[in-house]
Amino acid sequence: LWVAKKRYAQWIISDNGVPVDKLDVKGLDVVRSSFPKAFQKFMKEALLDILRGITKEELTQKIIEFKQSLPQIEAYNIAKSSSVKELSKYTPEKGSLFKFQKGTPAHVKAAWTYNQLLVHFNCGFKYSPMRNGDKMKWVYLKQNPLGLDALAFKGADDPDEIVSFIKNYIDYDGIFESDMQNKLEDFYSALGWGKMQLKITKADKFFSL
């Protein structure tokens, strides 16, 4: 499957005459370490399905079912991975919470949001803030009482209040559209399938309950 120059996937069934069954991916985001683990797994399966001849209708249904399953997947496995950096460059306005400099990158804002939530939830004395060089996960949030649009977390030793906030307000649609939709649409385009349409019917919603 040739998506663009130096961006392709191939299903290898013979390696120097030795029968094999493996996927070789070059230049596609699905192999990057920052790509969420659950998305990596699904995208690799989708690529193999395409190379083995799946139909457009069959793949579309698989994508719809995967998207519907996101609330059952741990946030850790669908969150973006990043390193904390440039915190001092984008220090928020002093004396007020959740007011950020214009142009603050989303992952930096997510890290600062974590630090400020430690203050908001009055648990900064028990938990360490995000610091430059730390490894973190971060997710987009849907509308919430604090008006936050992204939030980082460590994945271990996070305050219960932050874990609960993520669970209640994680934006599954936003995460899917940001991390997967364009990549899947590239596959559809390379196959000449046209635009990907993820219309979920009433029947689909009923059987997903």
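Two residues are said to be in contact when heavy atoms of theirs lie within 4.5 Å. In the predicted model described here, Phe 187 is in contact with Leu 1, Val 3, Leu 28, Met 43, Leu 47 and Ile 50, if its neighbours within four places in sequence are left aside. Phe 187 also belongs to the largest nonpolar core, which has 57 residues; within this core, Met 180 and Phe 187 touch the most other members. Several elements each supply at least two residues of the core, namely helices H1 (37-51), H2 (56-69), H3 (75-78), H4 (106-120), H5 (160-169) and H6, together with strands S5 (135-140) and S6 (150-153). In soluble globular proteins, nonpolar side chains tend to be buried together.

The protein chain as a whole contains seven helices and six strands. Read from the N terminus, the order of these elements is β-β-β-α-α-α-β-α-β-β-α-α-α. The chain has 209 residues, of which 41% count as buried. Its C-alpha trace spans about 65 × 45 × 30 Å along the principal axes. Where contacts between residues at least 6 apart in sequence are considered, 60% join residues at least 24 apart.

Strand S1 (residues 2-4) pairs with S2 in the antiparallel sense over two bridges, and Ala 4 stands opposite Arg 7 in S2. Two residues lie between the strands of this hairpin, in which Lys 6 takes a positive phi near 65°. Strands S2 and S3 likewise run antiparallel and are joined by seven bridges; Gln 10 has Asp 24 in S3 as its bridge partner. The hairpin of S2 and S3 has two residues between the strands, and Asn 16 takes a positive phi near 55° there. Strands of a sheet pair through backbone hydrogen bonds, either parallel or antiparallel.

Helix H1 has 15 residues, and the distance from its first C-alpha to its last is 21 Å, close to the 21 Å expected at 1.5 Å a residue. Among its buried residues are Phe 39, Phe 42, Met 43, Leu 47 and Ile 50, but also Gln 40 and Asp 49. The buried residues of H1 pack against strands S2 (7-15) and S3 (18-26) as well as against H2, H3 and H6. An α-helix has 3.6 residues a turn, so residues three or four places apart point the same way. Lys 44, also found in H1, is partly exposed because its relative accessible area of 35% falls between the limits of 20% and 50%. Not counting residues up to four places away in sequence, Lys 44 touches Leu 23 and Val 30. After H1 comes Gly 53, whose phi is positive, near 100°.

Helix H6 (residues 172-190) is the place of Asp 179. Asp 179 is buried, because its relative accessible area is 7%, and buried means under 20%. The side chain of Asp 179 makes a polar contact of 2.5 Å with the side chain of Lys 80. Beyond its neighbours within four places in sequence, Asp 179 is in contact with Phe 35, Pro 36, Phe 39 and Lys 80. Leaving out residues up to four places away in sequence, Glu 185 touches Lys 195 and Met 196. Between Glu 185 and Lys 44 there is a separation of 141 residues in sequence and of 15 Å in space, C-alpha to C-alpha.

A further group of strands forms an open sheet of three strands in the order S4-S5-S6, with antiparallel pairing. Strand S4 (80-83) and S6 stand at the edges; each has a single partner strand, so one side of each is left without a neighbour in the sheet. On average, neighbouring strands of this sheet are turned by 35° against each other, direction ignored. Strands S5 and S6 run antiparallel and are joined by four bridges, and Val 139 stands opposite Leu 151 in S6. Helix H4 packs on the sheet and touches S4, S5 and S6, with a direction that makes about 70° with that of S6. Helix H5 lies across S5 and S6 and runs at about 140° to S6. In a regular strand the side chains alternate between the two faces of the sheet.

Key:
Residues are numbered from 1 along each chain as its sequence is written. This is a predicted model: local features need pLDDT of at least 70, side-chain atom pairs count only at pLDDT 80 or more; totals for chains, interfaces and linings use all residues. Side-chain values use heavy atoms; hydrogens and water are left out. Buried means under 20% relative accessible area, exposed over 50%, partly exposed in between (1.4 Å probe, protein chains only). A polar contact is a pair of N or O atoms within 3.5 Å; within protein, one must be able to donate a hydrogen and the other to accept it, and residues adjacent in sequence count only if both atoms are side-chain atoms. A nonpolar core is a set of buried Ala, Val, Leu, Ile, Met, Phe, Trp, Tyr and Cys residues joined through side-chain atoms within 4.5 Å. The expected span of a helix is 1.5 Å times one less than its number of residues. Two strands pair if DSSP finds at least two bridges between them. Axes are lines fitted to C-alpha atoms, for helices over the stretch in contact, and angles run from 0 to 180 degrees between N-to-C directions.
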